[in-house]
Protein chains: 2
Amino acid sequence: MLTLRQMRYFGALASTRHFGKAAALANVSQPALSAQIMEMEEHLGCKLVERNRSGVLLTRNGMEALRRVQAILAEVERLEDAVRENGGILHGLVRIGIIPTVAPYLVPRLVPHLRRDHPDIEIELREAVTDRLVTDLLDGRLDTVIAALPIEADNVEVQPLFSDRFFMAMANNDRDVLMSPLTENQVDADRLLLLEEGHCLRDQALAVCGTAGKRSLVNFGATSMTTLLQMVSHDMGMTLIPEMAIPTETARNDLRIVPFAEPAPSREIGLIWRKSSGRAEDMAALAQAIAACVPANAG
Amino acid sequence: MLTLRQMRYFGALASTRHFGKAAALANVSQPALSAQIMEMEEHLGCKLVERNRSGVLLTRNGMEALRRVQAILAEVERLEDAVRENGGILHGLVRIGIIPTVAPYLVPRLVPHLRRDHPDIEIELREAVTDRLVTDLLDGRLDTVIAALPIEADNVEVQPLFSDRFFMAMANNDRDVLMSPLTENQVDADRLLLLEEGHCLRDQALAVCGTAGKRSLVNFGATSMTTLLQMVSHDMGMTLIPEMAIPTETARNDLRIVPFAEPAPSREIGLIWRKSSGRAEDMAALAQAIAACVPANAG
DNA sequence: TCAGCACGATAAGTTTTTCCTATCGAAGAA
DNA sequence: TTCTTCGATAGGAAAAACTTATCGTGCTGA
């Protein structure tokens, strides 16, 4: 079996053309180097050097081998450097999973921010419901997940990012005249519009409105926040809207946003990654970047 | 110190994503492989794999390392192949030294012949006097020498190639009326033109004409056979011409070629190489190629 | 919920590899 | 000739790598 040790010794021999000096260069005794060279020749099945009066000559095979050996040793050195230097924080590919009720409001601000502060980053995004994201995270298809807490998974590290208050959204011309601020039991569960199964915001909405057990009449399940709020703006009902979605969605739809009475219900958004990934530093940097993107909601 | 063994195990681990299977693939026990991976991580200063429930995951550093490791292992394999396959006979660079009284008559026929029969050959030629060629050979700057025998050097192998008879060349209008065939003592040493010091043909001419001790009047020493024969054709004297030079030189100059009486004097041209070069096969092929180039002179 | 299983880490002892010192033998130099 | 240089060889020590056996943890299914 060819070894790097043999190649290193052979490189030293080629550059000194002298067994003794090569051994000194390689910090071993001359017989040790001789033996390795002989073993290398044995393995390759041909002489690499000629031992002569006027020192050492490389054979033709030796020259060919030398070129390749030097290339290999250089490659090895680059491997050591590349992994050691490591590119610093948030370098290279980072695969981020984000739940659909956060992604559209965070991504447009987060990505440019990351690109600016970490020019070497390469971002891969996936948008899916929490369960799917956590599975992908645990299976190594994602490096980190941004989702609503709490997360039920072992072996993960969780860093809370910010708290995102809920508001009630309804059509501006809605006939309901709700108190503002709203108390949670004022909500008519039959008029509550929800996202489809699997979205954590659906469960949160049901929890907030105290209707976990009830069956909502209009519960067909929208596929996105935007769809949901379009329905709301067409006076088909009302829905819970997280604060971070308000600027974007009110710009798109004609909505009335009604706050809840304090203590306002909210969701906690957090960053999740595998404990064993050893990327706590990257994650801290990412958390910081996210915090810098949502100043209005920080809390 | 990074080793190829570590890389091979790491490659196996990356492809199986399972320590046990990787160990089987590498034909070692699982603890042995674990230890090598750990050592590699230690050396590189970072984790390469995450050990998890769902098997083994490569870290980001691990992926970077894997790419480089695979490249390195492929390079090593190519090194083994390249040296082992070896390209067959007369492949790659062959550095040939030829004495000046042979080169102009052999090279134009030999080089195309070699290129045709050994397409992978790369020929480097040097023309110099025997002493210089032998020094270069022994110092490894040449692979082989074509010169007149005998050669005084140790550690070399000698393969006689062909015998090259001498003729006397003189101007066609020379007043001397020599017997043909010529006997050696008929030559007027004072009219003998010679190459400069160092050429073996000079010494051979002096020996043939039995004038080793005499001082030739026109002994200023020409630098080449062609120069010498131009002088001859201008009736400045006569000179010994080897048979292989006759076709070329009589085409260039108006010469009278007179044979010697049998046994005609001759020189023996041979192929010389370092015993330790281990290229006997190459040299045999080269000798054969040369023989095929000089059929008229074969003897 | 608990035994069973899968998997990587650890332990202990053995084998293999690598190395060192000392010395040999050949070849060139004085 | 004798001396010196240089790579190879010998013998034994040190280091590396390997093996089997076992541990600990986390998942799985009765």
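Q: Let's start with a cut-off: a polar contact is a pair of N or O atoms within 3.5 Å. In this predicted model, how far is a polar backbone atom of B:Phe19 from a phosphate oxygen of DNA strand C?
A: For this pair, one atom is a polar backbone atom of B:Phe19 and the other is a phosphate oxygen of DNA strand C. A polar contact needs N or O atoms within 3.5 Å. The distance in the model is 3.2 Å.

Q: Which side chain has a polar atom 2.5 Å from a phosphate oxygen of DNA strand C?
A: Two side chains of chain A are worth a look here. An N or O atom in the side chain of A:Arg5 is 3.0 Å from a phosphate oxygen of DNA strand C. The side chain with a polar atom at 2.5 Å from a phosphate oxygen belongs to A:Tyr9.

Q: How many residues of the surface near DNA strand C are charged?
A: Both chains take part: helix 1 (4-16) and helix 3 (30-44) of chain A, with helix 2 (19-25) and helix 3 of chain B, each supply at least two residues of this surface. Its residues include eight nonpolar and seven polar ones. The charged residues number four.

Q: How much area do chain B and chain A bury between them?
A: The contact takes 44 residues from chain B and 43 residues from chain A. The size of an interface is often given as the accessible area lost when the parts come together. For chain B and chain A, with 53% of it on carbon and sulfur atoms, that buried area is about 3900 Å².

Q: Which residue of chain A meets B:Glu50 in a salt bridge?
A: Across the interface of chain B and chain A there are four salt bridges. In one of them, at 2.6 Å from N to O, the side chain of B:Glu50 meets that of A:Arg274.

Q: Which element gives the most to the side of chain B that touches chain A?
A: Several elements of chain B each supply at least two residues, among them helix 1 (4-16), strand 1 (49-52) and helix 4 (60-85). The one that gives the most, with 16 residues, is helix 4.

Q: Which residue just after helix 8 of chain B takes a positive phi?
A: Helix 8 (residues 225-233) has buried residues including B:Met225, B:Leu228 and B:Val232. What covers its buried residues includes helix 5 (103-117) and strand 6 (156-171) of chain B. Just after the helix, with a phi of about 65°, comes B:Asp235.

Key
Residues are numbered from 1 along each chain as its sequence is written. Chains are lettered from A and ligands numbered from 1 in the order in which they are written. This is a predicted model: local features need pLDDT of at least 70, side-chain atom pairs count only at pLDDT 80 or more; totals for chains, interfaces and linings use all residues. Side-chain values use heavy atoms; hydrogens and water are left out. Contact means heavy atoms within 4.5 Å. Buried area is the accessible area (1.4 Å probe) that two parts lose on being put together, summed over both. Helices (H or I, at least four residues) and strands (E, at least two) are DSSP runs, numbered from the N terminus. A polar contact is a pair of N or O atoms within 3.5 Å; within protein, one must be able to donate a hydrogen and the other to accept it, and residues adjacent in sequence count only if both atoms are side-chain atoms. Ala, Val, Leu, Ile, Met, Phe, Trp, Tyr, Cys and Pro count as nonpolar, Asp, Glu, Lys and Arg as charged, and the others, Gly among them, as polar. Buried means under 20% relative accessible area, exposed over 50%, partly exposed in between (1.4 Å probe, protein chains only).
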